[in-house]
Amino acid sequence: MHCKEESKEVQRLVKSINTECRTTPTHAELKQLNLSLGLNTIVLSIRNHKMRIHGSVFLWSYTAKIVICDIDGTITKSDVGGHIMPIFGYDWVQPGIAQLLTAIHNNGYKVLYLSSRPIEMLTRTKKYLKRIKQDNCVLPNGPVIMSPNGIFESFTLEIIKRKPQEFKIPTLLSIQKLFPSAHNPFYAAYGNRNTDVISYISAGIKVMNVYIISKDGIVLCQSKPCPTSYAKLFERIAELFPKISDCLAILKVCMAMHVLKCRC
């Protein structure tokens, strides 16, 4: 009898683990958090345990326009150097990136940082991004999405196989599914490799809004052969990233004109 009762208890625990251990919260659970628009700070804790894990949840409008920014080689000057040089105190940041992303954010766009770095480096990466400061500009707040794989798997995918798109494409598509099917939230993207181009275009970003930067700071737009830089893109911010409020006003005028045309 004792063995049978113990067996039933084990089965109950296994069933409980299988049904309760999830990485994605339900709609009801998210509603209980009473999230505010923008950045929300949360604390994950284990019952009867002292361990606490601090994290962030971003609540954005379903009409949000997102600009994706790679980290290594895009914010930093090179892939490998982006990992190593900051440890020794070297400024290894691409000039003008903080000013550009800040201006984009101030015009109403959301910035999402995407990297195939392993999840073990998340805390260190967040701290590094927060320390970046150029001409009194810091990087705007935004989700930092990194590979859920371990160091070895991520290193193999990024350095040996050279196929980071195998992580980035499904990740971007999963984020895209959070929004209405009629709205593609991804507006533009910055990277430093051809694999980034593949990832961004696969997520539905227009070729004209995909920018690739070299380690020398030269930026190429995929639809325009003329090289530029972050500083020059900053000067054209109103043209390339018009304020969201201005875009909505233009859309309303176009809709009104369409209605009048239909009535005529």
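Cysteine 137 is buried, with a relative accessible area of 18%, where buried means under 20% relative accessible area, exposed over 50% and partly exposed in between, using a 1.4 Å probe and protein chains only. Cysteine 221 is buried as well, at 8%. A search of the whole structure for disulfides, that is, pairs of cysteine sulfur atoms within 2.5 Å, returns 0.

Before I continue, a word on the source. This is a predicted model, in which local features need pLDDT of at least 70 and side-chain atom pairs count only at pLDDT 80 or more, while totals for chains, interfaces and linings use all residues. Residues are numbered from 1 along each chain as its sequence is written, and side-chain values use heavy atoms, with hydrogens and water left out.

Let me turn to the chain as a whole. Its secondary structure comes to 11 helices and 11 strands; these are DSSP runs numbered from the N terminus, with helices being H or I of at least four residues and strands being E of at least two. Of the 264 residues in the chain, 37% are buried. Contact here means heavy atoms within 4.5 Å. Among contacts between residues at least 6 apart in sequence, 60% join residues at least 24 apart. The chain exposes about 17100 Å², of which carbon and sulfur atoms supply 61%; accessible areas come from the Shrake-Rupley method with a 1.4 Å probe, and for residues only the protein chains shown count as cover.

Arginine 117 lies in strand β4 (residues 110-118) and aspartate 72 in the loop between β3 (66-70) and α3 (79-84), so the pair ties together parts that are 45 residues apart in sequence. Both of these residues, arginine 117 and aspartate 72, are buried.

Another joins lysine 168 to aspartate 196, where the closest N and O atoms are 2.8 Å apart. This pair links distant parts of the chain, with lysine 168 in helix α7 and aspartate 196 in helix α8 (residues 194-202), 28 residues apart. Lysine 168 and aspartate 196 are both buried. They also belong to a network of salt bridges that links Asp70, Lys168 and Asp196.

Glutamate 239 is exposed, at 55% relative accessible area, and arginine 236 is partly exposed, at 31%.

For the 12 residues of α7 (residues 165-176) that gives 16 Å, and the end C-alpha atoms are 16 Å apart, which agrees. Buried residues in α7 are Gln165, Phe167, Lys168, Ile169, Thr171, Leu172 and Ile175. In α8, the buried residues are Thr195, Asp196, Val197, Ser199 and Tyr200. Their cover includes β3, α7, β8 and β9 (210-213). Glycine 204, which follows α8, has a positive phi near 90 degrees.

Strand β8 (residues 186-191) contains tyrosine 187, which counts as partly exposed at 21% relative accessibility. Leaving aside neighbours within four places in sequence, tyrosine 187 is in contact with residues including Lys65, Tyr109, Asn209 and Phe241. Tyrosine 187 and asparagine 209 are 22 residues apart in sequence and 7.1 Å apart in space, C-alpha to C-alpha.

Two asparagines conclude the backbone survey. Asparagine 34, in the loop between α2 (27-32) and β1, has a positive phi near 50 degrees and is exposed at 65%. Asparagine 136, in the loop between β5 (133-134) and β6 (137-138), has a positive phi near 65 degrees and is exposed at 72%.

Key. The expected span of a helix is 1.5 Å times one less than its number of residues. A salt bridge is a side-chain nitrogen of Lys or Arg within 4 Å of a carboxyl oxygen of Asp or Glu.
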